[in-house]
Amino acid sequence: MEPIVCRKGLMILRYTRNVVASWSKRMDDLSDAEDIRGADILDQSDSFWRNMAYFQLDKNPKRKLETSEDYDKYARACYKQAMHFSYLCIRNKDMIVSEHCMAWYTNVAFSCELFFKYYLFCIHADSRTFIKKHDLFELFKILPEELQKDIIKCHPKKDITRDMFELNLKELGKAFTEFRYSYEKDSMAFSAQFLAELFAELYERTEPLKE
């Protein structure tokens, strides 16, 4: 599939009909899976307002992140937020081929970031090495070697080499930060298929941390 090219805010989508139909079917399959994997969307609103402290958002205190229990709490919260953004992506899959597609891919990139950070919280990796990072490639390289190999092995394109996977991921590493400000660029090209495939794989493989 040829890359998406963005010129002066207008998306020129070079999809074939087969590619569009294929991805629409893939997102349909995901949206049917256990009603978005039981992401507990509705019951989050009550706890959100109970914990709200300040209307000045940056004044709200962050959770402690010191003990193993703290890491597990972060992991569960990160997983839920990853599923919430995934819910938006899957339910709005038609945006893939619309003028709103950059908003869709921004949420997809952020979902991937949250899944990677969830894995790191689960293994109690040093939070200083990743908590403020947004680069997908950098987060991936912090993951344990065996998990990296497994993610590559399970990628929808089964014959993808590690070098090719990492090249694609490195090119898309700053997707979340760059997509948010795509209006600042005269043109933009990226591997839309790789990013969507990575999102689909991470969504399908990731399970919540057991109590």
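Q: How many helices and strands are in the protein chain?
A: This is a predicted model. The protein chain has 10 helices and three strands.

Q: What pattern does the chain follow along the sequence?
A: Reading along, you get β-β-α-α-α-α-α-α-α-α-α-β-α.

Q: How much of the protein chain is buried?
A: Buried residues are 41% of the 211 residues.

Q: Of the contacts between residues at least 6 apart in sequence, what share join residues at least 24 apart?
A: That share is 69% in the protein chain.

Q: Let's pick a helix. Is helix 10 mostly covered or mostly uncovered?
A: Mostly covered. Of its 14 residues, 11 are buried. Among them are Ala192, Leu195, Glu197 and Tyr203.

Q: What span should helix 10 have, and how far apart are its ends?
A: Helix 10 covers residues 192–205. At 1.5 Å a residue, it should span 20 Å. Its end C-alpha atoms are 20 Å apart, so the two agree.

Q: New topic: how many aromatic pairs does the structure hold?
A: It holds 15. One of them is Tyr105 with Phe190.

Q: Why is the pair of Tyr105 and Phe190 called edge-to-face?
A: Because the planes sit at 80°, and over 60 degrees counts as edge-to-face. The ring centres are 5.3 Å apart.

Q: Which parts does that pair tie together?
A: Tyr105 lies in helix 5, and Phe190 in strand 3. So the pair joins parts 85 residues apart in sequence.

Q: Are Tyr105 and Phe190 buried or exposed?
A: Tyr105 is buried, at 1% relative accessibility. Phe190 is buried too, at 8%.

Q: How are the rings of Phe165 and Phe194 arranged?
A: Their centres are 5.3 Å apart and their planes are at 70°, so this pair is edge-to-face. Phe165 lies in helix 8 and Phe194 in helix 10, so the pair ties together parts 29 residues apart in sequence. Phe165 and Phe194 are both buried.

Q: Which residues form an aromatic cluster?
A: Tyr71, Tyr74, Phe121 and Phe130 form one.

Q: What lies over the face of Phe176?
A: Arg180, at 4.4 Å from the ring centre.

Q: Last one: where is His124 found?
A: In the loop between helix 5 and helix 6. His124 has a positive phi of about 60°, although it is not a glycine. Most residues other than glycine have a negative phi. His124 is partly exposed, with a relative accessible area of 31%.

Notes: Residues numbered from 1 in each chain as written. Predicted model: local features only at pLDDT ≥ 70, side-chain atom pairs only at ≥ 80, totals over all residues. Heavy atoms only, no water. Helix = DSSP H or I, 4+ residues; strand = E, 2+ residues; numbered from the N terminus. Buried < 20%, exposed > 50% of the residue type's maximum accessible area, 1.4 Å probe, protein only. Contact = heavy atoms within 4.5 Å. Expected span 1.5 Å × (residues − 1). Phe/Tyr/Trp six-rings, centres within 6.5 Å; stacked < 30°, edge-to-face > 60°. Lys NZ or Arg CZ within 6 Å of the ring centre and 35° of its normal.
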